[in-house]
Amino acid sequence: MATTPRAHDDLEAILSQVAVDDGAATHTIASDFDATFTWNYAKGERPALDKLYEKAKTSQWNGATDLDWSTEVDPERTAVELSRNDRRMQYVRSLVDEPGSPVRSWGEREITRYAMENTAHRVSQFLHGEQGALICTARIVETVPWIDAKYYASTQVLDEARHVEVFGRYLDEKLETRYPMNAHLGALIDDVLSDSRWDITYLGMQILIEGLALAAFGTIYRTSSEPLLRQLIRYVMSDEARHVAFGVLSLQEAYAELSGPELRERQEFVYEGSLRMRDRFLHQEVWERLGVSARAIVPYFIRQNRDEEILFQRMLFAKIVPNCKKLGLLDPRTPWLRERFTEMGVLEYEDFVDTSVEYTELNAIEQERSTTEAAVGQ
Ligand SMILES: [Fe+2]
Ligand SMILES: [Fe+2]
């Protein structure tokens, strides 16, 4: 674990992480962790986790039959619509007018292509992130010492399999292209999986990656009118809200016991992970595919981060920051992470609603069931 944090706008550190598609069919992460049995089978000793488990069992959906895969999707229309209110897209347009910028020669055709590649990149990262979640949660089943958490994690494993299935199918059948895993996201998942401490799996996946995904899904749901994508995202989001709640509820108990130095290690992990999550939005792979050098364009986006405080990217921390606060990681006695989040411009979210309560509002299956019941009752 780094003792001196890297500066959040260190260009070389950002560019040194590059996604390489070397044609390998698999990626292996070596790890050394304890698989733990518990002999305490008393269900419900942790009532909040037990409630989550009961909720998960009645909130299942089937990606093969509950989504209308016959929906015709126009990838260009879908991408243009998704980019309409995107500050990044507005910024790219402004760079077209800026002398010396790497996209100075771009016209409408290139901008549309950029929107399409951007969309494919976003959905591809969801796909790979979902597989990361599948693997991490299977790990939690083995490592967490509480029966209520093992029960709940087992339901999340099935949720994640379904998420991988539906994002993979959407990419293959509707967008017909796919990107490899972004290097920043991949490095974070590698860090999470190579760590032997069970709480770090939760902290990296349930709090950071899923917290950010929940915010990103919300943006897509609000922006897109493509019916298949909207329904898919709605179902996935209602699962993800439970997953983030699972992380908050489990770590809250575990972190109440930690010493100052142990908490500091977790704070540093959150900071490094947050930078990696943010840097993946620089979309290095997209620029390379469009023939624009990442080294030439990335400094413009770092400048934009600094000057404009991009709402979209900051909003992605709307779940992570309040959840970290709930875990005691923004504790005023150990202000280290509070200072880092201040530098990143995301501390304003500390009092947003945390996800340990929000999942009940996002339950798509429950909402559909009550609508159907109301219709039958009329
Ligand atoms: Fe997921
Ligand atoms: Fe998840």
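In which hand, left-handed or right-handed, does H7 pass H10? I opened the predicted model with that question. I found that the crossing of H7 past H10 is left-handed.

**Entry 1: the H7 and H10 pair**

I looked up which residues make this contact. On the H7 side I noted His 184, Leu 185, Ala 187 and Leu 188, and on the H10 side Gly 273, Arg 276, Met 277 and Asp 279. I then sorted the contact by class and got four nonpolar, two polar and two charged residues.

Next I took the geometry. Two packed helices are described by the distance between their axes and the angle between them. I have H7 as residues 183-194 and H10 as residues 260-279, with axes that come within 7 Å and cross at roughly 155°. An angle over 145 degrees counts as roughly antiparallel, and H7 and H10 are therefore roughly antiparallel to each other.

I checked the backbone at Glu 176. Its phi is positive, at about 55°, although Glu 176 is not a glycine. I placed Glu 176 in the loop between H6, which is helix 147-175, and H7.

Is Glu 176 buried or exposed? I found 10 other C-beta atoms within 10 Å of Glu 176. The limit for exposed is 12 or fewer, so I logged Glu 176 as exposed.

**Entry 2: Gly 247**

I moved on to helix H9, residues 227-255, where Gly 247 lies. I counted 26 C-beta neighbours inside 10 Å of Gly 247.

**Entry 3: the whole chain**

I finished with the totals. The chain has 17 helices and zero strands. Along the principal axes, I have the C-alpha atoms filling a box of roughly 65 × 60 × 40 Å.

How much of the chain is buried? I noted buried residues as 41% of the 378. For contacts with a separation of 6 or more, I recorded that 84% join residues 24 or more positions apart.

Conventions
Residues numbered from 1 in each chain as written. Chains lettered and ligands numbered in written order. Predicted model: local features only at pLDDT ≥ 70, side-chain atom pairs only at ≥ 80, totals over all residues. Axes fitted to C-alpha atoms, helices over the stretch in contact; angles between N-to-C directions. Helix = DSSP H or I, 4+ residues; strand = E, 2+ residues; numbered from the N terminus. Parallel < 35°, antiparallel > 145°, perpendicular 65-115°, else oblique. Left-handed = near helix turned anticlockwise from the far one by under 90°. Contact = placed C-beta atoms within 7 Å. Nonpolar A, V, L, I, M, F, W, Y, C, P; charged D, E, K, R; others polar. Buried ≥ 20, exposed ≤ 12 C-beta atoms within 10 Å, placed from the backbone.
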